[in-house]
Amino acid sequence: MAELKKRYFVNSIPDYMHGAVDIDTQKWKSRILNAVEDVIAKQPPTMENCEGGLYVGCAGIAYALCHLAHNEAFKPEQGKLLQSAEQYATAAYRHAELPENKNDRHTKTSFLLGNLGVYAVAAVVFNATDRKEMVAKCLTAYAQMASLCLPTQFVECGSDELFVGRAGYLCGLLMLNKKTGQQVLSRHQVECLFNAIIKCWTGCMRNESQSPSPLMYAYYIQTSILQMLLSFPDLLKKDATTEKYVRDATDFVLSLEQRNGNYPAGMDEVGGPVIRAEEDELIHWCHGAGGVVYLFARAYLVWKDTRYLEACKRCADLVWKKGLLRKGPGICHGVAGSGYVFLLLYRLTEEPGYLHRALRFADFVYTDTFRRHARTPDRAHSLYEGWAGTMLYLSDLLHPEKAEFPLFNVFF
């Protein structure tokens with residue numbers, strides 16, 4: 001049995017040596033379809049299962065099923081998968097339209113946790129099933145939220161961040177533009193949202209904080225904010241000062257790399273007297289190297305600076321060592337989320353060693369060690385915590401050249 005640490009299984013899996021990495025398509029397809037059946041059975045598209053938006057609700061499962069339907073390996077099952085995706089999207093849309101949800105300012109403007117993400121994913125699913133009227137309704141609802149996201153502090157817990165803030169809104173726009181082919185907002189509207197993020201910390205807030213970085217946000221995942229700014233290179237490069245702010249802030253994050261290749265879980269841990277003990281160290285998509293790697297990958301794609309690529313590789317090496325997480329199979333803080341780091345590096349470098357690592361992490365989820373000693377998440381069949389996200393990871397193994405972390409793509 002693999003040695004147990006507080007947060008992870010010690011990785012004793014042999015690393016890549018040489019040669020091609022073979023993916024058994026039929027084996028993985030069978031396992032994925034079994035997971036689909038289990039997800040549908042254990043978290044059906046009911047109203048009570050819609051709480052939690054994309055993160056743990058029905059909307060996330062709708063996205064997962066739709067994504068699978070567009071994977072070439074599942075062409076024979078496409079019709080059934082899309083039918084199920086539509087059922088989940090319909091339930092999620094109806095839940096978002098409940099008066100208590102439509103009128104709650106925090107819920108309706110949240111991408112990963114509330115209505116905003118529901119409308120975005122429902123539009124993608126209804127577009128795939130040719131429900132044009134519903135696509136229009138969802139896109140209209142999404143567009144109407146833009147003005148609510150412009151005030152400097154429109155939600156108390158983080159107006160710029162990914163889960164509930166402007167970065168999440170921009171993330172949804174990228175997905176909608178790619179997967180529906182429609183421009184939801186005018187260029188001017190997008191630019192206003194982009195500039196609102198910049199102004200939030202180049203004005204009085206930065207002066208009050210005495211920040212060492214030109215852009216600093218007081219949230220755990222400030223790196224995702226920078227990643228979203230980098231995802232609009234035409235706006236980024238429109239103003240040299242803005243681009244310098246973003247690059248300097250990215251380099252500041254890079255300067256926070258710890259001796260083992262990890263990064264602080266939050267800005268409250270930067271420069272403080274207390275450093276997390278190894279047993280308490282966080283290496284997830286939501287905290288640490290497993291998420292910071294996406295910022296550096298995007299920075300490398302935009303600026304072609306190999307420092308960022310080398311940082312990505314160091315993140316991946318740490319995830320290989322400590323990424324067999326005990327929290328479960330999911331993509332936020334589980335083994336599949338760690339595995340996506342290797343799929344990201346494989347796309348960046350085309351080095352087969354990263355595909356080997358991704359495959360070995362997928363295998364580990366099916367070991368007795370994992371089944372017996374991993375924790376069961378609260379929402380064990382959801383997109384971010386459970387098997388809905390895991391089955392997307394497994395499906396991306398079948399076409400690793402197209403792999404993308406769900407709703408968080410750096411390639412477009």
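L173 is tucked away in this predicted model: it counts as buried, with a relative accessible area of 1%.

**Around L173**
- L173 belongs to helix α9, which covers residues 166–180.
- Setting aside neighbours within four places in sequence, L173 makes contact with Y142, V184, L185 and V190.
- A136 sits 37 residues from L173 in sequence, and the C-alpha to C-alpha distance between the two is 15 Å.

**Helix α7**
- Helix α7 takes in residues 115–128, which makes 14 residues.
- How many of the residues in α7 are buried? The count is 12 of 14, so the helix is mostly covered, given that buried means under 20% relative accessible area.
- Among those buried residues are N115, G117, Y119 and F126.
- After α7 comes D130, which has a positive phi, near 65 degrees.

**The largest nonpolar core**
- This core has 150 residues, and the ones touching the most other members are Y142, Y169, Y263, W285, F296, Y384 and M391.
- Helix α15 (residues 289–303) is the top contributor to the core, giving 11 residues.
- What does Y384 touch, not counting residues up to four places away in sequence? Its partners are L54, Y55, L112, W285, G330, I331, C332, F405, P406 and L407.

Terms used: Residues numbered from 1 in each chain as written. Predicted model: local features only at pLDDT ≥ 70, side-chain atom pairs only at ≥ 80, totals over all residues. Heavy atoms only, no water. Helix = DSSP H or I, 4+ residues; strand = E, 2+ residues; numbered from the N terminus. Buried < 20%, exposed > 50% of the residue type's maximum accessible area, 1.4 Å probe, protein only. Contact = heavy atoms within 4.5 Å. Expected span 1.5 Å × (residues − 1). Core = buried A, V, L, I, M, F, W, Y, C linked by side-chain atoms within 4.5 Å.
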